Amino acid sequence: MCLAVPGKIESIHGEEALTRMGRINFGGVIREASLAFVPEARQGDYVIVHVGCALSVIDEEEALQIFQYINAMRDDSVPGGP
Amino acid sequence: MAHRIIIDPVTRIEGHAKISIHMNDDGSVVDAEFHVVEFRGFEKFCEGRPLSEMPGITPRICGICPVSHLLASAKAGDDILAVQIPTPSDKLRRLMNLGQIIQSHALSFFHLSAPDFLGGWDTPPEQRNVFGLAARHPELARAGIRLRQFGQEVIEVLGGRKIHPAWAVPGGVRNCLTTDGQKRLKAWIPEAFATTQLALNLFKDILEKNSSELLLFGNFPSLFMGLVGPDGEWEHHGGKLRFKDSQGKIIADQLDPRRYAEWICEASNPNSYLKSPYFHRLGIEAGMYRVGPLARLNVCDSMGMPKADAELRQFKQLGVGAVTSSFLYHHARLIEILAAVEFIQAYLDDPDVFSNRLRADAGINNLHGVGASEAPRGTLFHDYTVDEDGILQKVNMIIATGQNNLAMNQTVKQIASHYLHGKEIPEPMLNRIEHGIRCYDPCLSCSTHAIGQMPLRIELLGPMGQVLNEVTRG
């Protein structure tokens, strides 16, 4: 399965709902994502992104909870290839 | 060999979908592999936690289809409590799952896939996305966004929060529908029908103009698996497993999904974290099966709702026995949206969804439990083993993208065989491989890359495994 890592909206450009874009910060890596599906998203919000589209806005508390889980998983070993 | 993996969020984002194409000396394609870097550390992470935490954790980690994991997790919990949940909570869970199917399918059809078939296959990748669609078909783009919003609202009205509703629990659900929620959702119904009908008409139009894609994008015999009701009707949350072959013959039926391990075998691939499930009795090659919208429509005999049933009858004409082209996953998604809107409309007038008899209480009565539910992308299994105190000892999850992996490989192989004549990797092949994979709407760990574009790395390998050519995009 995939991990849905929340990213923080650093800045937003564009006005029109369909073409609004956000610069999203995923732990230091910046990605552009379409905000067409999250008209309510504002700068500073956390979003879940799938194939370049922000799917949903989550509050900071939720985002921190997810980061906590992900950090807890860092120490797990998994068998497998590359 | 076990080795240590650092689960760094950044590597989750940076990854490319890697594809290996194995060639013969004469330049023909022998095989293809689409390497899905599936993350399995999650299962280990869950071990040692109380069962009651699972419906809260799984949707948070698997945030692309949170409702599917929530429901499968709650169902595995029902099995461990050994309870039959009250009818109202079963209906409410179904209502939420229908909302999830609509929102996920709407995104896949309107915004990830339609830009390919509306914009033209050889349009540059930067135009085959939601912006290209907004520029050329703004009404369609808006209608698709609103349809997805309707699905999200169904989830929100029940779960309270859009993304991580810890609303379904072992034994039932926490809240019923309110009359205010009923009113909000009812207001959407006419528009949801209109948008779905518009998309169905559009897709049927496209189908006539894309007959070569129909033959090329994953058109091969395979088995199909999905849940069906007792009379073979379309199922998305309850029911039993059915396998059908590409001639349309039912090869196994009414299998208890809790005993999935007797029917489904998981082959490990040393090159990937992904296990490749297949139908045990037929072996890994003949036992390859597809899951998801195409499979569900192939295995079922009826949708159980009049509008969707009329569409299903037309759909079944597209194949002999079964519909075998993966390009028709798109078509199947639209018919499932239509059925979902019809079922939601019916549930909104069902007195049960306002009932407060929502939860069966019990302790740990089984040390092993399985929950199966149809996620938008296909059948999802959560398999838990607990101790006497309900602490998880072992967790296994079988996800849709994993079950479709063998079929995705076959799809890539089919497209590559058509386009590759030697070591050169032609650009039209890249677009088509990307779309061939997109038909399955996989949830990819690398999926946060460019807008609507799948970051791809394709390598051509010779008979001795030597790299003949390589191309990276995105």
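Chain B holds 17 helices and 16 strands, where helices (H or I, at least four residues) and strands (E, at least two) are DSSP runs numbered from the N terminus. The model is predicted, so local features need pLDDT of at least 70 and side-chain atom pairs count only at pLDDT 80 or more, while totals for chains, interfaces and linings use all residues. Residues are numbered from 1 along each chain as its sequence is written, chains are lettered from A and ligands numbered from 1 in the order in which they are written, and side-chain values use heavy atoms, with hydrogens and water left out.

Let us start with the whole chain. Of the 474 residues in chain B, 64% are buried; buried means under 20% relative accessible area, exposed over 50%, and partly exposed in between (1.4 Å probe, protein chains only). Among the contacts in chain B with a separation of 6 or more, 72% join residues 24 or more positions apart, a contact being heavy atoms within 4.5 Å.

Now to two helix pairs. Two packed helices are described by the angle between their axes and the distance between the axes. Axes here are lines fitted to C-alpha atoms, for helices over the stretch in contact, and angles run from 0 to 180 degrees between N-to-C directions.

| Helix pair | Axes come within | Crossing angle |
|---|---|---|
| α4(B) and α5(B) | 9 Å | roughly 155° |
| α16(B) and α17(B) | 9 Å | roughly 160° |

With its axis crossing that of α5(B) at roughly 155°, α4(B) is therefore roughly antiparallel to α5(B); angles under 35 degrees count as roughly parallel, over 145 as roughly antiparallel, 65 to 115 as roughly perpendicular and the rest as oblique. The crossing of α4(B) past α5(B) is left-handed, meaning that the near helix is turned anticlockwise from the far one by less than a right angle; clockwise would be right-handed. On the α4(B) side the contact includes B:L70, B:L71 and B:A74, and on the α5(B) side B:R93, B:M96, B:N97 and B:Q100. The residues of this contact divide into 6 nonpolar, 3 polar and 3 charged. Here Ala, Val, Leu, Ile, Met, Phe, Trp, Tyr, Cys and Pro count as nonpolar, Asp, Glu, Lys and Arg as charged, and the others, Gly among them, as polar.

Helix α16(B), residues 405–419, has 15 residues and reaches 21 Å from its first C-alpha to its last, close to the 21 Å expected at 1.5 Å a residue, the expected span being 1.5 Å times one less than the number of residues. Its buried residues include B:M408, B:T411, B:V412, B:I415, B:A416 and B:Y419. Those residues of α16(B) meet B:P428, B:M429, B:R432, B:I433, B:G436 and B:I437 in α17(B). This contact divides into 9 nonpolar residues, 2 polar and 1 charged, and α16(B) passes α17(B) in a right-handed crossing.

B:D441 is buried because its relative accessibility is 6%. Leaving aside neighbours within four places in sequence, B:D441 is in contact with A:H50, B:S104, B:S108, B:L112, B:R333 and B:R377.

Two backbone details are worth a look. B:A82, in the loop between α4 and α5 of chain B, has a positive phi near 60° without being a glycine. Its relative accessible area is 48%, so B:A82 counts as partly exposed. B:Q254, in strand β8 (residues 250–255) of chain B, is not a glycine either, yet has a positive phi of about 55°. At 33% relative accessibility, B:Q254 is partly exposed.
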